[in-house]
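Have a look at it first, then read along.

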Amino acid sequence: MNIKYSRFSVTELDAHQQAIIPISACAAAGNMSALDQALNQGLDAGLSVAEVREILVQVYAYAGFPRSLNALSELMRVAQARRQRGIQDEAGREPGRPIPKGDALLAAGTANQTRLAGGPVSGPLFDFAPQANEYLRTHLFGDIFERDNLDWQIRELATVSMLAAMSGVEPQLQSHIGISMNIGLRPEQLYSLAAVLEARFGLEAAERVRVGIQCQLDVRHE
């Protein structure tokens, strides 16, 4: 199945969705100078400080704590500088429900993982290292995806952008493109994500997304 798209069309995503893409990519890549611009543009577009903070916390799951913490520090600096210039950014909201603990967290994370992936997740890798899947279920799909101040489509737009910004993680990128489709993001929206990446981050990242979309479409139409 071939999807025709304009290389620079971004009309399938609203302004908030578009703003999330370079923020996520720059944070995951560790590009602080570009992140400064992306943060200012995102806040100007109406993203709340809490929304941006939530995305930058999520960076730790894909690019590691050092880049997440550096990006959060940059957000603090940008937010303070904007306040000093008299800009009143929306604070945003925190999660509205408590996060489960212990066995309940594992159960919730497993259920979230299954819904996102479209079925139970297993395989030789997780047989070899079962603790890796337990960490995914508790920390990623539990602690993070149970937080309801961002919806899952926003979280996946951010995740795809983060993974696209890094080389060597194409299997994980393709997996999350598949998850994005499972939760209702259309191929045209993902091609728009690639267009935003090309215009505001880099061509190489955009092409990774385009290849991943086509691979998913080929698999789903075999």
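Is Ser 161 buried or exposed? I found Ser 161 at 0% relative accessibility, so it counts as buried. My cut-offs are under 20% relative accessible area for buried, over 50% for exposed and partly exposed in between, with a 1.4 Å probe and protein chains only.

**Ground rules.** I am working on a predicted model, where local features need pLDDT of at least 70, side-chain atom pairs count only at pLDDT 80 or more, and totals for chains, interfaces and linings use all residues. Residues are numbered from 1 along each chain as its sequence is written, and side-chain values use heavy atoms, with hydrogens and water left out.

**Confidence.** I looked up pLDDT, the predictor's confidence in each residue from 0 to 100. The protein chain averages 93, and 95% of the residues score at least 70. Over residues 1-8 pLDDT stays under 50, and the model has 18 contacts beyond four places in sequence for them; contact here means heavy atoms within 4.5 Å. Where pLDDT is low, the predicted coordinates should not be read in detail.

**Around Ser 161.** Ser 161 sits in helix 9. Helices (H or I, at least four residues) and strands (E, at least two) are DSSP runs, numbered from the N terminus. Beyond four places in sequence, Ser 161 contacts Ile 21, Ser 24, Ala 25 and Leu 193.

**Helix 11.** I then turned to helix 11, where Leu 193 is one of the buried residues. From first C-alpha to last, helix 11 reaches 20 Å, close to the 20 Å expected at 1.5 Å a residue; the expected span is 1.5 Å times one less than the number of residues.

Leaving aside neighbours within four places, Leu 197 contacts Ile 21, Ala 25, Ala 164, Gly 202, Ala 205, Ala 206 and Val 209.

**His 176.** Helix 10 holds His 176, which counts as buried because its relative accessibility is 8%. Outside four places in sequence, His 176 is in contact with Tyr 62, Glu 156, Thr 159, Val 160 and Leu 163.

**Helix 2.** The buried residues of helix 2, which include Leu 35 and Leu 39, pack against helix 1 (15-29), helix 3 (49-58), helix 5 (65-84) and helix 11 (187-200). Met 32, also in helix 2, is partly exposed, with a relative accessible area of 24%. Not counting residues up to four places away, Met 32 touches Asn 70, Ala 71 and Glu 74. After helix 2 comes Gly 46, with a positive phi near 105 degrees.

**Annotation.** Finally I checked the UniProt record: an unreviewed entry annotates residues 11-73 and 130-208 as "domain: Carboxymuconolactone decarboxylase-like". UniProt positions are given in the numbering used here, feature names are shortened, and annotations may be inferred rather than shown by experiment. In the model, residues 11-73 are 81% helix and 0% strand, while residues 130-208 are 77% helix and 0% strand.
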